[in-house]
Amino acid sequence: MENPEVLVSSCNNQDDENLYSAKHHPPMCRLLEDQLRRKLKFFFMNPCEKFWARGRKPWKLGIQILKIAMVTIQLVVFGLSNQMVVAFKEENTASFKHLFLKGYMDSMDDTYAVYTQAEVYDQISFTINQFLQLRTISVGNHAYEKRGTEDTPMAICQYFYKRGIISPGNDTFDIDPEIETECLYVEPILPLENSTLRKTPFNFTLDFHRLVTLTLMFKLKAINLQTIRQHELPDCYDFTLTIVFDNKAHSGRIKISLDNDIAIKECKDWHVSGSIQKNTHYMMIFDGFVILTCLASLVLCTRSVIKGIHLQREFVTFFQHHYKKEVSFSDLMEFVNGWYIMIIISDLLTIIGSTLKMEIQAKSLTSYDVCSILLGTSTMLVWLGVIRYLSFFQKYNLLILTLRAALPNVIRFCCCAAMIYLGYCFCGWIVLGPYHAKFHTLNMVSECLFSLINGDDMFATFAKMQQKSYLVWLFSRIYLYSFISLFIYMVLSLFIALITDTYETIKHYQREGFPETELHSFIAQCKDLPNSGRYRLEEESPINIFCCCKRS
């Protein structure tokens, strides 16, 4: 080991008045204090400096670059497959609306309704006939669900008040709001005749004065064959269709909607000629390599986080014993590398998502949405993690420093602005909701107001306000003008000014130097360069430092 006096002189070029002067400490304690400074300086080096200091190869950097390529390829492949799944669901739902809703046209979801009793019976008869003739009229590979050897029937259920005597002409009514249910089932055997539903053997009649809701529910099955073109095994789909006649308002307008509940299942028996099975195995092997890469990244980043926590404790204990003072919170957080934590989260999400993807490819699971969320989030975090390595360059680091410095003030500013925003949301919903399509629900109100802040769709929001009530129309003008003026000209401008001020401060610090904390001042006294060779010395146990300092 080199001469202690030489080591001390290399890292202690400070004045006598300096807070961290080792003048009054024994030589051995000064030596160990100097070694702690080198450990801290090495910990905060970038990968290139660590390579020069100890010859440590940047494994984490290499793995991150490899992981970016592999995870992105994996995401693109799964994304193409998921798009076919979603497209198959949407196209089947559109097909069912055209098949089972009489006279249905695209974009009629909000306006599709019936207004007479004859139209209600006619719509029910039409749906039943289409259901019974499904095999001969559908151009898709749709079929009835089997229950044993029998096809499952269609369930027609009406929900009505238990008792209801309503006389609008006399302004009187007698009603029991308890809901009763009556159902009948249609077996998929033969289609109905052209006669009305009331003349069929079902003897099905409706009491429209008491009727609340009528539902037609049935189940169909299909197979998504288009995945074969992407060298994937097809999935089997179960469609639970529910056609709802909504008469809750008793306004003379019965709204009709079709809901399609979709379940994806593994096909029971399948055989595909060609190389699809081999391609599936290749993709599963690739997913396995992705998992192994993420495991390696997870282990390395977790080890770095643990080392940082241990070094933090060592530094805190040293300060408490040597200088009799506590370390500030900002200095403590310097040891917790948020980038590593983000990469660890990304690795965990990628491992779970890749496992789900392999199960989906093996047709053991069908959780496409969960898998897409996991893989999409993990890929986003992987690409964000690249910013850590760009931050080692001063010109690329400006964005990160600005965001980190402005974040506390931005959060406080947003909390205050959110109170005003929520106030406008609740006010707009309760006042304008019955008269404006964009204010029917709180979620729609929030989306509309956020669009207005960004200058989108302003004229349409003003123009679509119904003028059925002059007082509400006048209020809507005051409401919209005040919101736009307040948030665009004041709140948004202040928000931008907050970011701009922080940006200018960071640029000033880059020219004049950043304020030094106690941690940075302590480390700055070590003048050893990364290629000096002093960082290759064996690290001593931190206990020696504290024992030495206690004796002093």
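Here is a short chat about a predicted model, covering its surface, its salt bridges and its aromatic rings.

Visitor: Which helix gives the largest share of the nonpolar surface patch?
Guide: Let's start with the members: Met419, Ile420, Leu422, Phe426, Trp429, Ile430 and Leu442 form this patch, with about 670 Å² of accessible area together. Leu442 sits in helix H12, residues 442-453. The largest share, 6 residues, comes from residues 398-432, and that stretch is helix H11.

Visitor: Is Leu442 buried, partly exposed or exposed?
Guide: Buried would need a relative accessible area under 20%, and exposed would need over 50%. Leu442 has 34%, so the word for Leu442 is partly exposed.

Visitor: What is the phi of Ser107?
Guide: Look in the loop between helix H4 (59-100) and strand S1 (113-114) to find Ser107. Ser107 is exposed there, at 74% relative accessibility. Its phi is positive although the residue is not glycine, and the value is near 70°.

Visitor: And where is Asp457 found?
Guide: Asp457 is another residue that is not a glycine but has a positive phi, of about 55°. Asp457 counts as partly exposed, at 43% relative accessibility. Its place is the loop between H12 and helix H13 (458-463).

Visitor: Which residues are linked in a network with Lys146?
Guide: A search of the whole structure finds 13 salt bridges. In one of them, the side chains of Lys146 and Asp151 meet at 2.9 Å, N to O. Lys146 is exposed at 51% relative accessibility, whereas Asp151 is buried at 14%. The network of salt bridges links Lys146 with Asp151 and Arg135.

Visitor: How far apart are the closest N and O atoms of Arg210 and Asp207?
Guide: A salt bridge needs a nitrogen and an oxygen within 4 Å. Asp207, which is partly exposed at 32% relative accessibility, forms such a bridge with Arg210, and the closest N and O atoms are apart by 2.9 Å.

Visitor: How many residues apart in sequence are the parts tied together by Asp287 and Lys357?
Guide: The side chains of these two residues meet in a salt bridge at 3.0 Å, N to O. Asp287 lies in helix H7 (residues 276-322) and Lys357 in helix H9 (residues 338-361), so the pair ties together parts whose separation in sequence is 70 residues.

Visitor: Are Asp287 and Lys357 buried or exposed?
Guide: The cut-off to keep in mind is a relative accessible area under 20% for buried. Asp287 and Lys357 are both buried.

Visitor: What kind of pair do Tyr237 and Phe239 make?
Guide: A search of the whole structure finds 23 aromatic pairs. The ring centres of Tyr237 and Phe239 are 6.1 Å apart, with the planes at 15°. Planes under 30 degrees apart count as stacked, so this pair is stacked.

Visitor: What kind of pair do Tyr421 and Phe487 make?
Guide: Their ring centres are 6.0 Å apart and the planes are at 75°, so the pair is edge-to-face. Tyr421 lies in helix H11 and Phe487 in helix H14 (residues 470-512), so the pair ties together parts that are 66 residues apart in sequence. Tyr421 is buried at 13% relative accessible area, and Phe487 is buried at 5%.

Conventions:
Residues numbered from 1 in each chain as written. Predicted model: local features only at pLDDT ≥ 70, side-chain atom pairs only at ≥ 80, totals over all residues. Heavy atoms only, no water. Patch = residues over 30% accessible without salt bridge, like charges linked within 9 Å, V, L, I, M, F, W, Y side chains within 5 Å. Areas by Shrake-Rupley, 256 points an atom, 1.4 Å probe, with all protein chains shown as cover. Helix = DSSP H or I, 4+ residues; strand = E, 2+ residues; numbered from the N terminus. Buried < 20%, exposed > 50% of the residue type's maximum accessible area, 1.4 Å probe, protein only. Phe/Tyr/Trp six-rings, centres within 6.5 Å; stacked < 30°, edge-to-face > 60°.
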